[in-house]
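Dear colleague,

Please find below the structure that I am handing over to you. A summary of the findings follows it.

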Amino acid sequence: MGCSSCGIKKKEGEVSGCQNNGGCSTGGCNKMNAFDWLSNMDFPSYDTFDVVEIKFKGGRKEFFRNVHNLNLTTGDPVVVDVPNGHHIGYVSLQGELVRLQMQRKKVKNDDEIKAIYRIASDKDLEKWYEVQNRELTTMYRAREVIKEYKMNMKLSDVEFQADNTKATFYYSAEERVDFRELIKKLAGEFKIRVEMRQISLRQEAGRLGGIGSCGRELCCSTWLSDFKSVSTNAARYQNLSLNPSKLSGQCGRLKCCLNYELDTYIDALQGIPEVNKPIQTQVGNAKLQKTDIFRRIMWFSYSDDNIWHPVSTDRVAEILLLNEKGEKPETLLEDVLEIEDHVNINSDLIRLDRKFSTPKKKSKSRNKKRKSNAGAAPQNKSAQQQNNANQPKAKRKPNQPIVENQTKNKAEEGNRPKNKPKFKKRFKKNNKPNNKKEE
């Protein structure tokens, strides 16, 4: 995850690096990077804190005292004092921020803090690189020896001391392991002092690193140093499905990020009622299906229905109180108010809906009258008017629509040729009816 210049190697096999002294812009050159937010603040020169935080392989950090008042900067390799030898690490923090870190981790500022010898020279670094090349081959061989002895343990990493006098083997196991014979075998084969250190599965994932399901680097390998226990209650409070494949991380344990928002969910759950059994209504019993904690809405469904009904938490609390008294509300929603019959709500809207719901029908009598006037002769028209005048008029009821005389249409049908349609759809201006003179 580092920058491209970190992967460029010299002819001697050494990595050139970006020479940025641990302040790489990508943030991937060093694990457990820490930003000194007090570096730009001015402090008295005589009250400078002399303890420095040093980082080693796998993100392990320890505190050492700057006895010789060395001019150190973040990312400088230094030689430090360790039991039965010396080791090389990198400066991660210094100044007043180290004092705060010691208070948080409850480390006493006493004589037990070891000293920093010097800034690592080129010879120290060359010897240390040669020792690091042995770590991978040693780990593979140690795993073969563990299989030969049939020991129930998993070897994850090996770290050599810079002076090549000691090697620390990191392993994880579910049960206690008797590795006395294993230590004798490894010490005799590699000619070195062996220390076996058991770590948890979370620490193992932090040392190996990787990419989480969120798409980012693992929290345990980048910034998380204190591992807290995670229980399944954290998933229940957040309404997460209790699926081990989704809730477990690469270490095989529950994800540490389940604790990040747990306090916020616990505060939001204080005003939400607990529904341990179906609530009773006159429609039927309703079961709780889902709860939206932050919107304060609870979804219920009846036993014989698959539709979910959203109900506010206040309404659910009212229904629970009614059920305790032996009463049942009409529905899950708010009770319907009784409205008098003579009161019409939105009467204007109802009137408009009735008006525009049924489309208007065009009167066919007008169309028939226009077509008959265009196709009939003027002499026939006058004759028809005389006949109509002689015929008695039929009495029409007040609500009955006006209907044209049917004899008029029959006379028109007799004058039309058989091959032509009953009514002409279109008429041109120049077309005039052929009127024959009476003899």
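Lys 290 stands opposite Trp 299 in strand 11. Helices (H or I, at least four residues) and strands (E, at least two) are DSSP runs, numbered from the N terminus, and two strands pair if DSSP finds at least two bridges between them. The model is predicted: local features need pLDDT of at least 70 and side-chain atom pairs count only at pLDDT 80 or more, while totals for chains, interfaces and linings use all residues. Residues are numbered from 1 along each chain as its sequence is written, and side-chain values use heavy atoms, with hydrogens and water left out.

Strand 10 (residues 285-292) pairs with strand 11 in the antiparallel sense, over six bridges. Four residues lie between the strands of this hairpin, where Arg 296 takes a positive phi near 60 degrees. Strand 11 is also joined to strand 12 (residues 309-312) by four bridges, again antiparallel; there, Phe 300 has His 309 as its bridge partner. This second hairpin has six residues between strand 11 and strand 12.

Strand 11 (residues 297-302) is mostly covered, with six of its six residues buried (under 20% relative accessible area, with a 1.4 Å probe and protein chains only). Ile 297, Trp 299 and Ser 301 point one way, and Met 298, Phe 300 and Tyr 302 the other way.

Elsewhere, three strands form an open sheet of mixed pairing, in the order 6-7-8. Its edge strands, strand 6 (154-160) and strand 8 (193-198), each pair on one side only.

Key: Buried means under 20% relative accessible area, exposed over 50%, partly exposed in between (1.4 Å probe, protein chains only).
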